[in-house]
Each structure stands twice: as structure tokens, then as C-alpha cells.
Amino acid sequence: MTLHQRIVAAVFALTLLGVIIELVRRRKLREEYAWLWVLAGLACLILGLNYRVLEGLTQLIGAGWTSSTLFFLGIFFVLALSLQFSVKVSRLENQVKNLAQQMALHEAREPAEPQQPPDEEPEDDET
Amino acid sequence: MDGGTLIVLPAHNEAERIGPVIRACRKHVPGAHVAVVDDGSDDATAETALAAGATVLPLPYNMGYGAALQTGYKYGLATGAAFLVQLDADGQHRPEDIPRLLERVQSNGCDLCIGSRFLAGTPYRQPFSRRLGMVLFRRIASRVLRQTVTDPTSGFQAMNRRVVRFFSRDIYPVDYPDTDVLVLLHHHRFRVAEAPVTMIAREGGRSIHAGLRPVYYLFKMALTIPLNLLRRERGV
């Protein structure tokens, strides 16, 4: 790997890490989501600076080219991330559903003529 | 409403049909409390329901049949209803049949009683695709529950407070509660029974089973029924 390539990779990884840390600092990204991103940024940095790690990984997973390894890792990361989002969305949806239902109970509207309590003897045909 | 009966009508844009249904409910089940869950209607469903003498539970936006129904369960739980009946707000289910369902639950013959349109032997026309699905789910439900279930997809049901409490939990599948709910109930050792009802074909309006939804519905049932059997969370 040429020095040029290394510099590009390192600059890219450092920028990514910087943006992530800045987002967490400004509370625009919650820590619980940040860890996956920090992990990805660090992985970019290590793989970019040290070509032997990438070669080792390529051998480990049995890929033919180092570029395949990069694509593999990238796609795996995106998959993991969207799975995490799906889990979060499912949970959020459930929470929102419960909230809306609670709200409906609180906002219950009664008819002008209140319904009689069931333990009282009902009159026949009240319509 | 402690100890009474609650009738739940989930409704989405049913202003034209809901009034007579509410009045019939109050007539045929005197003393019952009628609650309409207004599932984000754009029309005058809420006003019509109020005028007909029902309590209205307004959902802030359209959440679908299952979530609307569950709102009714939660209302029943909060108000202390001993029994709960659910039926469609569009007049497909006849309130005359409510006492028959209710009686089965009140006599403690079962925890949940399904109103079956097939037990009475009255003809009910529906498209071939739906009939196919119906046969399939009937088989599945009957096999899992080890008893004959003729109409597992019926939304006309009566239940006791134990079932209402169970359905109020997050365990309840709010998108398309159907055959899988019966499997879930069986899994948690509730007793399910059926009673004959007459179904009236709906005129106008839109059914929840339209478009591509049956496909998703089939997929969901294929996924959730085995999964419910795999989940080993017994006890209520």
C-alpha cells in the first residue's frame, strides 16, 4: 500500500471519528448508538494504517482479494446497524402505541346522557 | 363499571353505520357500557357515537384495528369490567347475538367465546382467496387447539376479565390480531369456545382485508404461529 493510500485512509477514518465524537459531544448522537460507529471508525483507521492486518483478515475469512474483505466488512457493518435500528424502531413503536392508547383513555368523552351503571336494574329498550 | 359488561367497537370512519350498532347494543345488552374506540377517523364517527350514547376513546391518529381493540381492552381493565365483548362497528356483526356469546363466558364455560359465522350453517359469501385462507387457518387453529374451530378469524368475541388483562399486555399482537391470538390464548391455557352468529355482508366502506394486506397477513401468521409455540412463556 502506498503512502498516498495510507494518508487518504487515515484522513478519512480520523474525520469519521471526529464527526462521531463531535455529534456525541453536542448530544446529537446518543452514546448507546455511538459505540457501533466508534468501532467502525477505529476499524477504518487500523485497516488503513496497517495493511498486514487487512491481509491477515483476508486470509482468516478465506477471501481472494483484500478489497473483498473490505466490502464484506462494510456490508456486515451496515447490516448490523440496520438490524439495531429495526430493534429500536420496534421498541419505539410499541412505546408510542402505549402512549397513544393511554392518551385515548385520558381523553375519553362521555355521552351527554351518561350510561347507567350496570348494577342498576336496566329499563328495557332505552333507545 | 366495576363488575359490568363492556362492549368495545373499534371504528375508523364509520359515522354512517355506527349509530344503529350502538343503539342495538344498548337495546340487546341492557346495562352494558358501550365504548367506541375512534381510530383516527376523519368523519363524524365520534360525534355520532356520542349522540348514540357511547363513550368515545379517541386515538390521536389512525393506529389500526389491533391497537384500537387493545385500547378497548385497556379501558375495560381500567374501569373494572368483568366481561368484554368486541364487535365490528360497521354492522357486520349483529348485537342480537351478543347475549349468546356472553352467556357462554358468564357461565364460565370458557374464557373467550368466538362468534362463528359458520356454525349456524348460514351461507356467507366471500372471495375464493379468502375462503382458501379461511380453510387453512381453520385447520391450523383446530390442530393447535385440539378442538374444532370453525371461524378463527372472527372479530366478534366475548371474554372474561382474565383474558382482558392478558390482551392488555405488550404480548398482544396489535398488527392483525387473529388466528395467532387463539394460539397464544391456548398456549397460556385459556379456554376458547365458539357460538353461532349471523354475519351481515357489509355494504360500502372499506374492509381491513384489502389490497396486498392478505399477503402480509399470510406471512405474519406463518411466522407468528410457530414462534408463539416456541416462546416458552407460560403462565398468565
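Me: Hi! Before we look at the two chains, what does buried area mean?
Reply: Buried area is the accessible area, taken with a 1.4 Å probe, that two parts lose on being put together, summed over both. Keep in mind that this is a predicted model.

Me: Thanks! How much do chain A and chain B bury between them?
Reply: About 2400 Å² is buried between chain A and chain B, with 57% of it on carbon and sulfur atoms.

Me: And which residues of chain A lose the most area to chain B?
Reply: Those are A:Gln101, A:Arg109 and A:Gln115, which together make up 27% of what the chain A side buries.

Me: How many residues are in contact there?
Reply: On one side there are 22 residues of chain A, and they touch 30 residues of chain B.

Me: How many salt bridges does the rule find across that interface?
Reply: It finds two salt bridges between chain A and chain B. In one, the side chain of A:Lys97 meets that of B:Asp170, at 3.9 Å from N to O. A salt bridge also joins the side chains of A:Arg109 and B:Glu47, at 3.8 Å from N to O.

Me: Where do A:Arg109 and B:Glu47 sit?
Reply: A:Arg109 lies in the segment after α4 of chain A, while B:Glu47 belongs to helix α2 (residues 45–51) of chain B.

Me: New topic, helices! How do α2(A) and α3(A) cross?
Reply: The axes of α2(A), residues 31–49, and α3(A) cross at roughly 100° and come within 4 Å. That makes the two helices, α2(A) and α3(A), roughly perpendicular.

Me: Which residues meet there?
Reply: From α2(A), A:Ile46, A:Leu47 and A:Leu49 meet A:Tyr51, A:Val53, A:Leu54 and A:Leu57 of α3(A). By class, this contact has seven nonpolar residues, no polar and no charged ones.

Me: What about α3(A) and α4(A)?
Reply: Helix α3(A) spans residues 51–61 and α4(A) spans residues 66–106; their axes come within 9 Å and cross at roughly 80°. They are therefore roughly perpendicular to each other.

Me: Which residues of α3(A) and α4(A) meet?
Reply: Among them are A:Tyr51, A:Leu54 and A:Ile61 in α3(A), and A:Thr66, A:Phe72 and A:Leu73 in α4(A). The residues of this contact divide into seven nonpolar, three polar and one charged.

Technical notes. Residues are numbered from 1 along each chain as its sequence is written. Chains are lettered from A and ligands numbered from 1 in the order in which they are written. This is a predicted model: local features need pLDDT of at least 70, side-chain atom pairs count only at pLDDT 80 or more; totals for chains, interfaces and linings use all residues. Side-chain values use heavy atoms; hydrogens and water are left out. Axes are lines fitted to C-alpha atoms, for helices over the stretch in contact, and angles run from 0 to 180 degrees between N-to-C directions. Angles under 35 degrees count as roughly parallel, over 145 as roughly antiparallel, 65 to 115 as roughly perpendicular and the rest as oblique. Contact means heavy atoms within 4.5 Å. Ala, Val, Leu, Ile, Met, Phe, Trp, Tyr, Cys and Pro count as nonpolar, Asp, Glu, Lys and Arg as charged, and the others, Gly among them, as polar. A salt bridge is a side-chain nitrogen of Lys or Arg within 4 Å of a carboxyl oxygen of Asp or Glu.
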